[in-house]
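The sequence and the three-dimensional arrangement are shown first, and the description follows.

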Amino acid sequence: MSKYGFVTAWAVAVIVLDQLTKLAVRAWLPLHAEIEILPGFADLTHVKNTGGAFGFLARAHDSWRLPFFIGVGIVAIAALVYLVRVTPEHERLGLFAVAGVLGGAVGNLIDRVWFGEVTDFISLHWGEYYWPAFNVADSLITIGAVLLIVQSFLRRETGEE
């Protein structure tokens, strides 16, 4: 399979999984409801995020917040497509990482375009300390970014550039 087919297949899988999980949450879990999954650690919850990561700019005026995040999403997707283009065919870890970030970016962009906000539903906490709720797209963006960082260190150790 070509690198483009490989990245497309993984990115589409991420998008489908992300959108199906968000659809299920919107359909079956009332807004702000919580279901305990792992006591004292993880809950399934239904929240809306009008901002970016960690609620960044969530309280900004709608007239520029939504166009800003849609624009950032489009620029990020374009940069990721370029990254696929310049990544060698044999670097499957890097291509897999880019596919995760790309699929996650598209998944969240779909929410912003359709609903003007992103559906989040995974809530992690330890005692009274809570991590901001997130979703499948956010998870794959994070995993992909970490893998890209790991790959950059691996390249340096082997002398590749």
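## Burial and basis of the model

A residue counts as buried when its relative accessible area is under 20%, as exposed when it is over 50%, and as partly exposed in between, with a 1.4 Å probe and protein chains only. At 4% relative accessibility, Arg-65 therefore counts as buried. Arg-65 has its place in helix H2. Between the C-alpha atoms of Arg-65 and Gly-116 the distance in space is 9.5 Å, although the two are 51 residues apart in sequence.

The model is predicted, with local features needing pLDDT of at least 70 and side-chain atom pairs counting only at pLDDT 80 or more, while totals for chains, interfaces and linings use all residues. Residues are numbered from 1 along each chain as its sequence is written, and side-chain values use heavy atoms, with hydrogens and water left out.

## Overall organisation

The protein has 4 helices and 4 strands, these being DSSP runs numbered from the N terminus (helices H or I, at least four residues; strands E, at least two). Along the sequence their pattern is α-β-β-α-α-β-β-α. Of the 161 residues of the protein, 37% count as buried.

A contact means heavy atoms within 4.5 Å. Among contacts in the protein with a separation of 6 or more, 65% are between residues 24 or more positions apart.

## Packing of H1 and H3

Two packed helices are described by the angle between their axes and the distance between the axes. Helix H1 (residues 3–28) packs with helix H3 (residues 92–115) at an angle of about 40°, and their axes are 8 Å apart. H1 is therefore oblique to H3, since angles under 35 degrees count as roughly parallel, over 145 as roughly antiparallel, 65 to 115 as roughly perpendicular and the rest as oblique. By class, the contact of H1 with H3 comprises 14 nonpolar, 6 polar and 6 charged residues.

## Nonpolar cores

A nonpolar core is a set of buried Ala, Val, Leu, Ile, Met, Phe, Trp, Tyr and Cys residues joined through side-chain atoms within 4.5 Å. The largest such core has 15 residues, and Val-7, Ile-77, Leu-80, Val-84, Leu-95, Leu-102 and Val-106 have the most contacts inside it. H1, helix H2 (62–86) and H3 are the elements that give two or more residues to this core. H3 supplies the largest share, 8 residues.

Apart from this core lies another, of 6 residues, among them Val-14, Val-25, Phe-121 and Leu-140.

Note on methods
Axes fitted to C-alpha atoms, helices over the stretch in contact; angles between N-to-C directions. Nonpolar A, V, L, I, M, F, W, Y, C, P; charged D, E, K, R; others polar.
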